[in-house]
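Q: I've got a fold open on my screen and I'd like to learn how to read it piece by piece. Can you walk me through it?

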Amino acid sequence: MQPANNCRIELEHDTIIVTPMRNLGELDSELFAADVEGILRSLAQHRARNIVIDLCYTDFFGSDAIHHFLKLHRKIRSNRGRLAFCNASHNEREVLSLMSLDMLWPIFTSRTDAVDFVTKQSIDILVVDDSEVDRRITG
């Protein structure tokens, strides 16, 4: 993975852990965008499946950061992976909650809990209504 400009980026098994080293305000959006592009390249090469965003060094983020979070989310979903946040400040939790993004991305109080969540194997269950098939077979 290439060096990050604004974030510490670690690879732990099939999970990329992104730790912004300062607030992700609009003035820093170009630096964060460069980091996100590097992460997207790694995901495209199937180096990882999940992302944890650790906000332990930040207190706020702007709308550009949310745009980049959504880009990461779309790529993760196409790889059948998961994204979670951890160590969010009160301000960051409030923003995610007001935008109902806390319904899309779980927010954990610890990095360990977030990594455990994204690395859990999910089981996809397909439910098929085969009652019409049964009616035709039985007459």
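Predicted model: local features only at pLDDT ≥ 70, side-chain atom pairs only at ≥ 80, totals over all residues.

Q: Which residues of H1 are buried?

A: The general idea first: an α-helix has 3.6 residues a turn, so residues three or four places apart point the same way. In H1 the buried set is Ser 29, Phe 32, Asp 35, Val 36, Gly 38, Ile 39, Leu 40, Ser 42 and Leu 43. Their cover includes S1, S2, S3 and H2.

Q: What about the largest nonpolar core: how many residues does it have?

A: It has 27, and Ile 51, Ile 53 and Phe 69 have the most contacts inside it. S1 (7–12), S2 (15–20), H1 (29–44), S3 (50–54), H2 (63–78) and S4 (83–86) each put in at least two residues. Another core, of eight residues, lies apart from it; Ile 17, Cys 86, Val 115 and Val 118 are among its members.

Q: Which residues does Phe 69 touch, leaving out those up to four places away in sequence?

A: Phe 69 touches Leu 24, Phe 32, Ile 53, Phe 61, Leu 83, Phe 85 and Trp 105.

Q: Is Ile 76 buried or exposed?

A: Ile 76, in helix H2, counts as buried because its relative accessibility is 0%, and the cut-off for buried is under 20%. Beyond its neighbours up to four places away, Ile 76 touches Leu 43, Arg 49, Asn 50, Ile 51, Gly 81, Arg 82 and Leu 83. Ile 76 and Ala 44 are 32 residues apart in sequence, with their C-alpha atoms 9.7 Å apart in space.

Q: And what does His 68 contact, aside from neighbours within four places?

A: His 68 also belongs to H2. With a relative accessible area of 8%, His 68 is buried, and its contacts are Ser 29, Phe 32, Ala 33 and Val 36.

Key. Residues numbered from 1 in each chain as written. Heavy atoms only, no water. Core = buried A, V, L, I, M, F, W, Y, C linked by side-chain atoms within 4.5 Å. Buried < 20%, exposed > 50% of the residue type's maximum accessible area, 1.4 Å probe, protein only. Helix = DSSP H or I, 4+ residues; strand = E, 2+ residues; numbered from the N terminus. Contact = heavy atoms within 4.5 Å.
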